[in-house]
Amino acid sequence: MTLAPLAKRLLLCCICALGFDSSAISSTAVSGSSANTSPLNTSSGDASSAEALRVLSNIDYVPEQEYSDNRDRLDVYLPSQSSNKPILIHFHGGGLTSGSKEKGSRAFATMLAQHGVCVVAPNYRLAPIHPFPAQINDAVRAVHWAISHMQDYGCDISNVFVSGHSAGAYLAALMAVDAERLSGNLNLARNIKAAVAISPLLELAKLDKSHLEAVWGSDETLYQNASVTAHVGENKIPLLLMFADDDHQGMQQEIETFAGAMLSYNNHLGVVEASHRDHKSIINHLNRNDDIVKSTILGWIALHVAGL
């Protein structure tokens, strides 16, 4: 199944609204809120327009347990003025078997904090020592920690977003579509405003067998149930999907097929392709003024903060 013409038009409208006119994003956010100014700095200007930030490192978000290698720790990136700013929890990539908040999230979190977003960057337990669902359980715990504690830093817990890159995008997307998992965790679905998945893994069956067994075990029924694509339906958390034009083979088709299915249930969905990027470099150009990943994510957050 591919995107129907109507679905393609809807996605094109979303892309145009989000990715290419930061002044339009700002004015839209203002008109949709009671504030006089947007809570985000969506300017695409040079680094001098970015806010200063504070970083709080290695906060324990699972205090009742002790994970090895700081896998139960997270970092918080705060704008210089964090009052009433939206919150985003970002999950690093690494196939759920490697990676860290330092290597996988620092540049991304720094960029967003400099543009007025409170960012939470957690580690999580890794396979094969800790097989799935340890990773999604930790991700949900990190979101719950943010909802419970980020207001202590002045951030707005009524505007909470989740995001991730690669395997981290899988975790963010799974949160967006798997209401059953969220309903068992203090109804987090009501607290997550929208999600961002950058080069996400959506269908587990497309992975090689050794990777599948290392993370998800040998139960093939779990491969289906733990796939993002298995949870297509109505009333899902709004989801922005991004991929590179030189991303993993088959990713564009996989995303378009999933997006078409989700749009058939009238979900709020965006799809954006980043040109001249691959699976890794899609998040390696955030310091560029014209980076589509940066502008699109800031626009996506601004639109949802405005309630649009």
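This is a predicted model: local features need pLDDT of at least 70, side-chain atom pairs count only at pLDDT 80 or more; totals for chains, interfaces and linings use all residues.

Residues are numbered from 1 along each chain as its sequence is written, and side-chain values use heavy atoms, with hydrogens and water left out.

In soluble globular proteins, nonpolar side chains tend to be buried together. A nonpolar core here is a set of buried Ala, Val, Leu, Ile, Met, Phe, Trp, Tyr and Cys residues joined through side-chain atoms within 4.5 Å. Buried means under 20% relative accessible area, exposed over 50%, and partly exposed in between (1.4 Å probe, protein chains only). The largest such core has 65 residues, and those with the most contacts inside it include Ile-89, Phe-91 and Trp-216. Helix H5 (residues 167-177) gives the most to this core, with ten residues. Another core, of 30 residues, lies apart from it and has Met-111 and Val-293 among them. Helices (H or I, at least four residues) and strands (E, at least two) are DSSP runs, numbered from the N terminus.

Helix H9 covers residues 251-263. Ten of its 13 residues are buried, so H9 is largely enclosed by the rest of the structure. Among the buried ones are Glu-254, Phe-258 and Leu-263.

The largest pocket has a volume of about 680 Å³. On a 1 Å grid over the protein atoms alone, a pocket is an open set of points where a 1.4 Å probe fits, with protein on both sides within 12 Å along at least five of seven lines; lining residues have an atom within 4 Å of a point. A volume is the space filled by probe spheres set on the points, which are joined across faces, edges and corners. Of the 34 lining residues, the closest to the centre include Ser-166, His-248 and His-279. Helix H3 (101-114) gives the most to the lining, with six residues.

A search of the whole structure finds ten salt bridges, each a side-chain nitrogen of Lys or Arg within 4 Å of a carboxyl oxygen of Asp or Glu. One of them joins Lys-206 and Glu-254, with the closest N and O atoms 3.8 Å apart. Lys-206 lies in the loop between strand E6 (192-198) and H7, and Glu-254 in helix H9, so the pair ties together parts that are 48 residues apart in sequence. Lys-206 is exposed, whereas Glu-254 counts as buried.

Notes:
The expected span of a helix is 1.5 Å times one less than its number of residues.
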